[in-house]
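The exercises below are meant to be worked through with the sequence and the model side by side. Each one sets a task and then gives a solution in steps.

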Amino acid sequence: MKMESVIWDLKTDRILSFMKEGKRVDGRKLDELRNISIEHDISENADGSAKVKLGETEVLAGVKMILGEPYPDNPDEGTISVGAELLPLANPEFEVGPPREGAIELARVVDRGIRESKAVDFKSLCITEGEKVWIAFIDTYVTNDDGNLFDAASIAALAAMNKAKFPKLEDGKIVKGEHGEKLKMSKQPLLSTFAKIGGKIVTDPTLAEEKAMDARFSCATTDDKTLCAFQKGGSGSFKASEIDECIETAFKNAKNVRKLV
Amino acid sequence: MAKKEETIEYVKNGKRVDGRKVDELRPLKMEVGVLPNADGSAYLEWGQNKVIVGVHGPKEALPKHKQNPYKGIVRYTYRMATFSVPDRKNPRPGRREVEISKVSGEALERALFLEKFPNCAIDVYVEILDSNAGTRVAALTAASLALADAGLPMRDLVCAVGVGKAGGEIILDLNKTEEDAPDAVDIPIAIMPREEEITLLQMDGLLTKEEWDKAVKLGIQGCKQINEMQKEALKKKYAQVENPKDKKETKVK
């Protein structure tokens, strides 16, 4: 057996024994987030960017606005696209190559949170109906994985979008290095992720807690009372009452994070 | 979505666009043991959705680095046939299919005694043959039947349904028209009915907590109806064995 998995087994035992007393190894309360720090405008070439640290987890996000053609069924709408790269430098388990299911799920869940919140009016991304629209690519890069990449990527994506500006257009072409209006964000969608460990629900799991968890639940909120996305993962299960508990904490925690982004 | 759809009344006098009640499922048909070369299999029709599932295993998990010395792994492959959607689907698996495969495989793990099969893999192959909203829940419902058909010990069957919102109403088992509503919310949910454990849950669209409370109740109730049909489908296979008149084969000498 690999050395790393023995270490994770030992850490799991410790986490489970703490959990029996309702405690976490790092001293946090069950519903407590790690410290969050956000740095905006980390890339000059990006149309909007941010670096987010959630405890030791670190994710970068950059927005690039490009010109494209609208989908035939929505000729007066632009669109967004969220990507996620699990950089091998962030975790020895990550490998080079095309995105695998972990990265795909991460990107799609962050995408869903932003898209379904309708924070970006896709009609405002239209330049010429049926011909030319803006496509906002929001790409996230995980540079250190200490768990809960979902929330870190969600905060980073939102922070980058809040700072994003449209490139300047001249004769229908992008003028490089010059910007015009800001991208309008009518809502502030944020993910809140929970892990079920030893029958208890914890907020914002670390990597070691993710290794020990049975199941994971993420919930995106747009404000104090509206939900916009769910994703359950992991091999275990949740009772409906446990989902309710998560939703309640999600509203409470996202409210505090919203003040930072 | 297109502007003309905004005039649709999604629920009128208690009836939906296809005549169903708000808590009514589309017609379902389930059959197990349909594939001779699979260890377990199921075929399911759910409204216009058609899905076939084959299970292989438990068998040695290969490549070897995929093996887990503590428990077996479930490898779930959800794919849509190129002709199963209005426009031809690219046969290359897309990001949607990869994500659905991941969460659906995880949704089945809780039902299986994977600790009994260290270093093994249970492969579940799903092919969507025709689609009209709700294929992932149709696939999961069929996959659970195929696992039972393979003779695998299970804690419970996993049954799944889509629940959501269209035109401001919380409704069960959305069809494509309802899923395309301007305010549509889609919530695929899977449970193990005995303990009402939720093993798959996704959602997209804007929903209040109160609407969620209503939706989860409706979803669990829908799942339980599906579960009854699953049990019937499994019993039917063995009823045939018990009743030799239904079998073509003559007695073995």
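Two strands are said to pair if DSSP finds at least two bridges between them, and the helices (H or I, at least four residues) and strands (E, at least two) are themselves DSSP runs, numbered from the N terminus. The model is predicted, so that local features need pLDDT of at least 70 and side-chain atom pairs count only at pLDDT 80 or more, while totals for chains, interfaces and linings use all residues. Residues are numbered from 1 along each chain as its sequence is written, and chains are lettered from A and ligands numbered from 1 in the order in which they are written.

**Exercise 1. Describe the open sheet of five strands in chain B, and say where B:Met80 stands.**

Step 1. The strands of this open sheet follow the order S3-S4-S5-S7-S6 in chain B, and their pairing is mixed.

Step 2. At the edges lie strand S3 (28–32) and strand S6 (73–80) of chain B, each of which pairs on one side only.

Step 3. From one strand to the next the twist averages 15°, where angles run from 0 to 180 degrees between N-to-C directions and axes are lines fitted to C-alpha atoms, for helices over the stretch in contact.

Step 4. S6(B) pairs with strand S7 (residues 120–130) of chain B in the parallel sense, over eight bridges, and B:Met80 stands opposite B:Ile128 in S7(B).

Step 5. Helix H1 (residues 95–109) of chain B packs on this sheet and touches S6 and S7 of chain B, its direction making about 140° with that of S6(B); contact here requires that the C-beta atoms of two residues, placed from the backbone, lie within 7 Å.

**Exercise 2. Find which strands form the open sheet of eight, and which helices of chain A pack on it.**

Step 1. The order of the eight strands is S10(A)-S9(A)-S11(A)-S12(A)-S11(B)-S10(B)-S8(B)-S9(B), with antiparallel pairing.

Step 2. Strand S10 (200–203) of chain A and strand S9 (169–172) of chain B stand at the edges with a single partner strand each, so one side of each is left without a neighbour in the sheet.

Step 3. The twist in this sheet averages 25° from one strand to the next.

Step 4. Within chain B, strand S8 (residues 159–166) and strand S10 (residues 185–192) run antiparallel and are joined by seven bridges, with B:Ile191 in S10(B) as the bridge partner of B:Cys159.

Step 5. H2(A) packs on the sheet, where it touches strand S9 (190–197), strand S11 (215–221) and S12 of chain A together with S11 of chain B, and its direction makes about 160° with that of S12(A).

Step 6. H3(A) also packs on the sheet, touching S9 and S11 of chain A, and its direction makes about 175° with that of S9(A).

**Exercise 3. Work out how H2(A) and H3(A) cross, and which residues meet.**

Step 1. The axes of helix H2 (residues 101–117) and helix H3 (residues 149–163), both of chain A, come within 10 Å and cross at roughly 50°.

Step 2. The two helices are therefore oblique to each other, given that angles under 35 degrees count as roughly parallel, over 145 as roughly antiparallel, 65 to 115 as roughly perpendicular and the rest as oblique.

Step 3. From H2(A), the residues A:Leu106, A:Val109, A:Val110, A:Gly113 and A:Ile114 meet A:Leu149, A:Phe150, A:Ala153, A:Ser154 and A:Ala157 of H3(A).

Step 4. The residues of this contact divide into eight nonpolar, two polar and no charged, where Ala, Val, Leu, Ile, Met, Phe, Trp, Tyr, Cys and Pro count as nonpolar, Asp, Glu, Lys and Arg as charged, and the others, Gly among them, as polar.

**Exercise 4. Describe the side of chain A that touches chain B.**

Step 1. In chain A, 27 residues are in contact with 27 residues of chain B.

Step 2. H2, strand S12 (226–233) and helix H5 (240–258) of chain A each supply at least two residues of this side, and S12(A) gives the most, with eight residues.

Step 3. By class, the residues on the side of chain A that touches chain B are ten nonpolar, seven polar and ten charged.

Step 4. S12(A) pairs with strand S11 (residues 197–208) of chain B in the antiparallel sense over five bridges, and A:Leu227 stands opposite B:Leu207 in S11(B).
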